[in-house]
Amino acid sequence: MQTKKNETASGLLMPLPKHVEQKDGAFRLHMGTTISYDPIFGEVVELAREQLACNIGGEDILFKLVEGFGEDCYRLKVGKNQIVVSSTYPSGGFRALQTLRQMALANDNLIPCCLIEDEPAFPWRGFMLDCSRHFFSVAFIKKLIDVASMHHLNRFHWHLTDDQGWRLTVEGYERLEEVASKRTLLSYTDGRTYGGVYTDEEILEVQAYAHKRHMLVVPEIETPGHASALLSAYPTFGCTGGPYEVQDRWGIFDEVMCAGNDNLLQFLQEVITKTARLFSDPYIHIGGDECPHTAWETCPKCRQRMEEQGLASVKELQSWMTSQVCTMVEKAGKRPIGWDEVLEGTEKLGIPSSLIVMSWRGDAGGIEASSLGHDVIMCPNTAGCYFDYKHLPSFDEPGNIGVTTIEKTAQFSPIPKGISKEAQCRILGGQGNLWTEKVTSAKAAEYMFFPRLSVMAERLWNPQPFASVEERRPSLEKKLTRLDINLYRGASV
Ligand SMILES: [Zn+2]
C-alpha cells in the first residue's frame, strides 16, 4: 500500500526538517514500546516516557550518543521495528523527541518510516507573552512553553512589567504586590480589581519546566516608560510625584520613571540584581520602548541630570538611562536586550556594546543595529511577528488594530532585505510577540498564538514556501487539537 502524502514525515511536521527521506511502512507506537539511552539523554528520556507513553527497558527506541552533531542537531532513523536517535547534545535528542511526538500526534501513533537529518537556521527562536496587560497562570505558561518547544522554539520572553500591572516581588518594596500588581477594572462600577504577581517559587517552577524543554527564559523589566503601575506604588519615582494609578486603559502614558531621581536608580539596581539572581539564563530585557519625554522636559531633577551629564536633549537623557540600566545588567552578570528605541539619542553616549537590539517597528532598527555591530533579534510588527493583530481584516475577528495573516507570518524572514553579509551574521533570529491588551484569557491567547506561532517556528528553523505551509495545516490542526489548543481555523489570506 502506498503511503498517502499526509501520512509521510514531510506531511506531518512543522517545522519541516532540513533533510527528510521517506521510506515505506511505519513504526507503531503502543503501550509496550520501550526505550534505551545513553546517560546524557536521561532527562530527555524522562520526557519521552511522558510524551510518547513508553517504558524504559528494551530498544524499540534508542537514543545514541554520536559525536559530531551541533547543538539542537540530530539524526532520526525510523524503521518498522526500531527508532534510532543520534545526537551529540541533549538538545539534539530533545528536538528529535519533539519530531517523533509531532508525527505520533498527527498520525494516530503511526510514525512513518524515514531518515531525518536536522539542524536549525537560527539560534534565537522565540515567543513573547505580555503578562502585564492580562495575567496568565503558571499552568498556562507551562502549557505554552511545552507546545512552543514541540515546534523547536527555544526562547520564552516574559513581559513582566508595564502600565497595567507589575508581576514581580522585590524584597523591601512590598507595595509592588499590594498596589502595583492590581488595577481597578473601570468597566465595572463596583471597584473590583484585577491582577496578581508571580512568586519566586512560581518563577523557578516555570524556569525548571522550560529548561527541561531546552528553552531559555528571558524576563523583561520595562524601563523607563510604561511605568504607571510602578509609579502608583512609589510615586516619588516619577517626575511629578503623582498621584498615579495602575492603568486600566491601553496606550502610551506620559507618566514615566524620573531619570533625575537617584532613589529610582537604586530601586532599578535592586530589581535587576534580584532578577539576575532569580533567572538563571543569560539575558535580561530592559524594555526602552514608547517612552514619552514630556514629563522630563519640565522636571527640575531631570533638567539637572542633563546639565550634570552634558546632555543636549531629553532623547539623550533616555540614552543615558539605557546605559545606566545596561551597566546594572552587565554587573549582575547578564546581557541586556532592548526594543529598537534604544538606538535613538545615542549621538553622545553611543550604544552600550553588549546591548542586543530587538527590532519591532519594521526592520530599520535591525538593519541599523546590525550594521553598527550589535546582535539583533527581529520581530517586526510589519512582517507577521505581532500576534495581537487580527488573523484577518474582519470585524468578526478578535485582536488589535493591525492584521497578521498566516500568509504574512509564512513569509517572514529574520534577514532584512539589502543587509550586508557581515551584518547578516549579527541576526540571531526572531520571535512572535503577543501583547495582551485585548487578550483576556488563556483560551483567547491560544487563538491568537496558533497556528501563527507554529508557522513562525518554521521560519526560524527551516523556512518553507507558503503553499507548503497550507498543505500541512490539517496535520498541524490535528496535533494542536490533541494538545487541547483553541486554535484559529480560518483563512490564511
Ligand atoms: Zn524627572
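How many residues of domain 1 are in contact with how many residues of domain 2? Here, 18 residues of domain 1 touch 19 residues of domain 2, where a contact means that two C-beta atoms, placed from the backbone, lie within 7 Å.

Before going further, a word on the model. It is a predicted one, where local features need pLDDT of at least 70, side-chain atom pairs count only at pLDDT 80 or more, and totals for chains, interfaces and linings use all residues. Residues are numbered from 1 along each chain as its sequence is written.

**The two domains**

Domain 1 covers 5-118 and domain 2 covers 124-482, with bounds that come from an automatic or database domain assignment. Their C-alpha centres are 34 Å apart. On the side of domain 1 that touches domain 2, the elements giving two or more residues are helix H1 (9-12), helix H2 (42-51) and helix H3 (90-106). H3 gives the most, with 8 residues. That side of domain 1 splits into 9 nonpolar, 5 polar and 4 charged residues. In this count, Ala, Val, Leu, Ile, Met, Phe, Trp, Tyr, Cys and Pro are nonpolar, Asp, Glu, Lys and Arg are charged, and the others, Gly among them, are polar.

**The chain as a whole**

The protein chain has 18 helices and 21 strands; these are DSSP runs numbered from the N terminus, with helices (H or I) of at least four residues and strands (E) of at least two. Its radius of gyration is 24 Å, close to the 23 Å that the globule rule gives for 493 residues, so the chain is as compact as a globular protein of that length. The radius is taken over C-alpha atoms, and the rule is 2.2 Å times the number of residues to the power 0.38. Along the principal axes, the C-alpha atoms fill a box of roughly 80 × 55 × 45 Å. Of the 493 residues, 52% are buried. Buried means 20 or more other C-beta atoms within 10 Å of a residue's own, exposed means 12 or fewer, and partly exposed is in between, with C-beta atoms placed from the backbone.

**Strands and their partners**

In general, strands of a sheet pair through backbone hydrogen bonds, either parallel or antiparallel. Two strands count as paired if DSSP finds at least two bridges between them.

| S1 (19-28) and S7 (110-118) | antiparallel | 7 bridges | Gln22 and Cys114 |

S1 and S7 belong to an open sheet of 7 strands, in the order S1-S7-S5-S6-S4-S2-S3, with mixed pairing. S1 and S3 (55-56) are the edge strands, each pairing on one side only. H2 packs on this sheet, touching S2 (34-37), S3 and S4 (61-65), and its direction makes about 170 degrees with that of S2. Such angles run from 0 to 180 degrees between N-to-C directions, using axes that are lines fitted to C-alpha atoms, for helices over the stretch in contact.

**Inside and outside**

Helix H15 (442-449) has Ala445, Glu446, Tyr447, Met448 and Phe449 as its buried residues, and their cover includes strand S21 (427-434) and helix H16 (452-461).

Is Gly418 buried or exposed? Gly418 is exposed, with 8 other C-beta atoms within 10 Å. This glycine sits in the loop between helix H13 (406-410) and helix H14 (421-424). Gly418 and Ile367 are 51 residues apart in sequence and 8.7 Å apart in space, C-alpha to C-alpha.
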